[in-house]
Structure formats: C-alpha cells, structure tokens
Amino acid sequence: MTEPVDPATTETMEPVPPPVSVVSTLIHVIFSRPATIVAVAIIVAFIFLAVFAPWIAPYDPVQQSILATNLSPTADHLVGTDQFGRDVLSRLIYGSRNSLIFGLVSPVLAAFFGTILGVTAGYFGGIPDRLISRVIDLLLAFPELLLAILIAAALGGGFWNIVAVLTVAFIPGFARVARATTLAVKQEPYVEAAVAVGLRTPMIIFRHVIPNIAAPIVVLITLWVASAIRLEASLSFLGMGTQAPNPSWGNIIRDGLNNLFGSPWPIVGAGLLITLIVLSFNLVGDALRDALDPDTSK
Amino acid sequence: MIRYLLIRLLDAVPTVLLVLTLVFIAMRILPGDPAISALGDMATAEQLQVFRDKMGLNDPLWQQYFSFLGKMLTLDFGKSLMNGREVVDLIAFNLPYTIELTLAAVFMGIFVGVPFGVWAATNPNRTPDAAMRGFSLIGYAVPDFYLGALLLITFSLNLGWFPINGGGEGLIDRLYHVFLPALTLAFIKAAFLGRLTRTALLEVLGKDYVRTARAKGAREPRVVYRHGLRNALLPITTGLGLSTLAALSGSVAVEMVFNRPGIGKLLISAIAERDYAVIQAGVTVFAMFVVAINLLMDLVYVLVDPRIRVK
C-alpha cells in the first residue's frame, strides 16, 4: 500500500449502486401499486395520442363548419362540436401535443439551469451562495402561477416565451433542492477523498457531486411535469399561452367559457383530460419519490 | 417580541426593493420598446416620441429607476393608456374584490380542510383516511378554472341558484356573489390543508406526551385537540401561508371564469390591451401582496410557537 491511491480505484470502491438497480426499483415501484399501474397506462396512452395525433384525430382540429356548431356528442362527433363547428375530440387530441411538449421541455430545462445555480451556490458557498440564495428565496415566495403570469405580462405569448416563463418559474425549486443536496454531499467522505487526492474541482462536481444529487432532481422533474401541464393550461386559459386557433386544453376551456350557452362539452372534456393527466403524473411522481428519495419531500 | 417584529419588518425592506427592481427590469428591459408595445406597431415616430417623453423613457436608466421607485412607493401609478383613468383608482376599486375572494376561500378551506384532516388522522388507514387521500389527489390535480367552470355551469347556469357574473352590491349580495368563486378555490385549499393536517397530527399523536395524556386518563377529544392539534399547528400555519398565496394566484383565473371584478381580471385585461401603466401597477400590487403575506406568516409563527421569538 505504498503507492498513491489512484482516483479510479477509489471510484470502484465507492458503494454507489449501479444504475441497473435504479431501473429495477423503478419497475418494482410501478408494479407494486395498482393505482400507479393505471397512472402509467394513462401516461403512455397520453404520449401515444400526442405523438400520433394526425393519424388518430378524426377531423382537422381547426377546420370550421357553420352548419355543425354546438353539436352535442354523436357518433360522428364523439365529444360534439364547438361554436365554430370544430370537432372537439380532434381539438382535444391535438391539444395533448401542447401539454406534452410544455410538460416535458420546461421541467427539464429548469432542472438543468436550477442544478447549475444550486450546485454553484452549494459547492462554492460565500458570495455566490448568498446572492443565489437570496434570489431563490424571493422567487420561491411567489406561487408558480403568479410568477408565470408576471413574467408573461412582460414577455407576451408565443412558444418560446411560454417555455421561458415556465422554466423561470420552476428554476428556484430545482436550485433549492440542488443546493441543499450539494451541501449534504459535500460533507461525504468520498468528496473529501476526491479533494484530498487532488482531483480538479470540475471533475469532483461532475463525477462525484452531480451523480449523487441526481435522484432528487429526477423525482422533482416528474412531479413538475404535472405542474408544467397545469401551468400551461392556466396560461392558455388566461390567453397568455397557446394562441387560438391552435388547440390547447387551456384555451379550449377559454373558448368554452365564451360559449357557455352553446355547449358545455369542450369544457368538460378538456378539464377531465387535464385532471386525469396531472393526477397520473402526481401518482407516479409520488411513487418515484418514495422509492428513490425517501428523505426529501416537496 | 417587539424587537423580533422590528427585525422582521426591517428584513422586508430589501425584499421590497428587490421585488421592485425585478419589476423594473421586467417592464423596462425585457419587452424591448414599451412605447411600441403600448401604442402598437402602427404608431408614427412622432407619437412614439411624445409617449417616450411623457413616460420619461428618454431619461438615463438610473434616473428612470429612481423615479420608478419613488412613484411605486408613493402609489403614483399614472393613468391607464386605455381609458385615461387614474390607475390607483382602478386598483382601489378592484382590490377589495380580490381580498374578499382570497379571504373567503382561505376561511372556507380551513373550515373544511382542518376538521377533515383531524378526522382522517384519528382514523388512520380506515375509510375517512382513504376519503382524505382521494380528496387530496383530486384537489391537487383539478385546475381551479375547470372546477370553477363546472360549478358555474351546474349551479348558476343550470340550477340558477347563484349569479352568473359580477361582484355584487352591499354585504349580503357580495357574499352571495363570492360564494361559488370562493368555493372553487376553497376545494383545492381544503385538499391541501386536510392532507397537511392529517400528516402533522399523525406525527404528533405518536409522541410520548400524547401517550402520557392518554395514560393519565384524558378524554379523546381533549387528547386530540389540546395535546395533538395545538402541537401540530406550526406546520399547519406554514400550509396556511402557502394556501393563502395559492388562493391569491388562483383568484386570477377564478375572476376570469366568474367574470368578477378584481386585480387579476384587471391585470389580464391590461395585458390583452397592452395597457402598460396598469400592467406595471397590477404586477407591483401582486408582488407586494406576496411579500406582505409572507411577512404576516412570520408574525403568526411567533404567536403559534413562542420558541421562535428567542432565536
């Protein structure tokens, strides 16, 4: 044992579970609770709908027809038609695409930027930590929807603006968790060992810190997919998200409210879908959290 | 106690400044040219110039910043670009409706949520507990504007029990108008508070002093309320602060659904009409509310848990 310890050796000696076990825990988690199985099935169906919308939807979602406005559900139009004679089912199916895109893109982007900020604050401490923490605390004090409305008020609508709004609204949450977990991981013997053997800081951060704070971040992403879907729907409902005539579950409800005396079906259908999808993602997120990260709770 | 209050108040000063700075940055720098966003692409160069002079947009940025701070702190919000009314009057007219909706929602949420949570916690893993779990799952998932629309369709449109829109005149009429909107938000608050109460109370009921209370023969209601719920108040108070904030942000969509006057509806219409002065004022008012609610929660903590005063 006279030779200096090679970083590679310490790496293999670490009791870090291999990634395979994460996958098997995942499968175990999903199939151990009946509610979670149903939730996963709903999510899979939702993704399938969104991806294959053009093949599944019976009509063009923006095709208007003056002759067939405000129809109740029939065999031709399973969820009826809206005040412009557009087929509601087709609009709901196409609307799932917006929910899926915003639901996935914003949490992942927020996780990326939030992790950078949180790890910087947690690992280096000092002035960067004070600055970042102060802003995070301030932004966390705002409910996400209010924050999103305030940013959207300044930025306006449009695809990338909505992505930006949702991302900024989510960054503080990720940054806080990344900072807290980095502070904890920094105290671990393997990080001390890595510092002691003279590993460079970027190497320590990427090889030792980030892999060990990944689990809570991943759990947070799953939980926030649900929030992102709900937020996008809220913004579109308020007229600041997806713009007409493009369908989104939020603006279908918006159109429906302007047509209350015409037909309640668009509202009922779109709202049910949002509730169902958000519920499913919440169930899966909770199950994941219990499995991967029993200590943290949102 | 007084020292603690002063420290908390002083601590809010930099927060307020930071919030105002962020509003300034968002309003002046992000959207490009406020003159164009206010007057539209069709405005002539001359109109834009007049507008910039009037709004002080030609001054150096630091000068604009301090004049902005001064104006916001003295509630000088300027005039609406759409109808020329003083923005502070618009805010003063709409604010009571939003406050009344938020308060009504929070009270209804506590009134239903906390007893439901206690009921679930005192019957763990039985029907009340399962009902609580189902209720909270739905409450976490259902969007407020959807729930509001369903209530509106069912109780106002089809049954005709409640008014379809407006804020009402006079106390009784206003309470009548606020009921369905508040119920919408309260449903979601109750799910959240109920779940929180259940978790907090279950933890406390497992403590030694609760066992001691039972051992010395205290009756069950006394154990649950005197020994249990009192000690579970701190997390519930945190939840109360969070749900007040959530009710405030939820009020925006609910005001749109029920076509009720309020700051949220004012802000959303201003955004649609690009009414720059009203947007700025609405955003500032909401931000200040968030700061104020957080400050208020800090003060409530002290009342609930005297140990915090010492820290």
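Asp208(B) counts as exposed, at 52% relative accessibility, where exposed stands for over 50% relative accessible area, buried for under 20% and partly exposed for the range in between, with a 1.4 Å probe and protein chains only. This is a predicted model, in which local features need pLDDT of at least 70 and side-chain atom pairs count only at pLDDT 80 or more, whereas totals for chains, interfaces and linings use all residues. Residues are numbered from 1 along each chain as its sequence is written, chains are lettered from A and ligands numbered from 1 in the order in which they are written, and side-chain values use heavy atoms, with hydrogens and water left out.

The side chain of Asp208(B) meets that of Arg211(B) in a salt bridge, with 3.6 Å from N to O; the term denotes a side-chain nitrogen of Lys or Arg within 4 Å of a carboxyl oxygen of Asp or Glu. Side chains of opposite charge can pair when their charged atoms come close. Because Asp208(B) and Arg211(B) are three residues apart in helix α9 (residues 208-215) of chain B, they are separated by about one helical turn. Helices here are DSSP runs of H or I with at least four residues, and strands are runs of E with at least two, both numbered from the N terminus. Arg211(B) also counts as exposed, at 59% relative accessibility, and its C-alpha atom is separated by 9.0 Å from that of Val223(B), which is 12 residues away along the chain.

A second salt bridge in chain B joins the side chains of Arg260(B) and Glu100(B), at 3.4 Å from N to O. This pair links distant parts of the chain, since Arg260(B) is in the loop between α11 and α12 (263-273) of chain B and Glu100(B) is in helix α5 (residues 87-122) of chain B, 160 residues apart. Arg260(B) is buried, with a relative accessible area of 0%.

Thr244(B), which is placed in helix α11 (residues 233-257) of chain B, is likewise buried, with a relative accessible area of 16%. When its neighbours within four places in sequence are left aside, Thr244(B) is in contact, that is, has heavy atoms within 4.5 Å, with Thr102(B), Val106(B) and Ile293(B). Chain B as a whole is divided into domain 1 (2-73) and domain 2 (87-305), with bounds that come from an automatic or database domain assignment. The C-alpha centres of these two domains of chain B lie 32 Å apart. The mean pLDDT of chain B is 81, and 93% of its residues reach 70 or more, pLDDT being the predictor's confidence in each residue on a scale from 0 to 100. The model scores ipTM 0.80 and pTM 0.81.

In chain A there are 12 helices and zero strands. Of the 298 residues in chain A, 48% are buried, and among its contacts with a separation of 6 or more, 72% are between residues 24 or more positions apart. Chain A exposes about 14100 Å², of which carbon and sulfur atoms supply 68%, according to accessible areas from the Shrake-Rupley method with a 1.4 Å probe, in which only the protein chains shown count as cover for residues.

Helix α11 (residues 249-257) of chain A is mostly covered, with eight of its nine residues buried; Trp249(A), Ile253(A) and Asp255(A) are among them. Asp255(A), with a relative accessible area of 15%, forms a salt bridge with Arg86(A), in which the closest N and O atoms are 3.3 Å apart. Asp255(A) lies in helix α11 of chain A and Arg86(A) in the loop between α4 and α5 (88-124) of chain A, so the pair ties together parts that are 169 residues apart in sequence. Arg86(A) counts as buried at 3% relative accessibility. Arg86(A), Arg91(A) and Asp255(A) are linked in a network of salt bridges, and the count over all chains comes to six salt bridges.

Helices α3 (34-51) and α4 (53-56) of chain A each supply at least two residues of the patch, and α3(A) gives the most, with three residues. Ile56(A), which lies in helix α4 of chain A, is partly exposed, with a relative accessible area of 32%.
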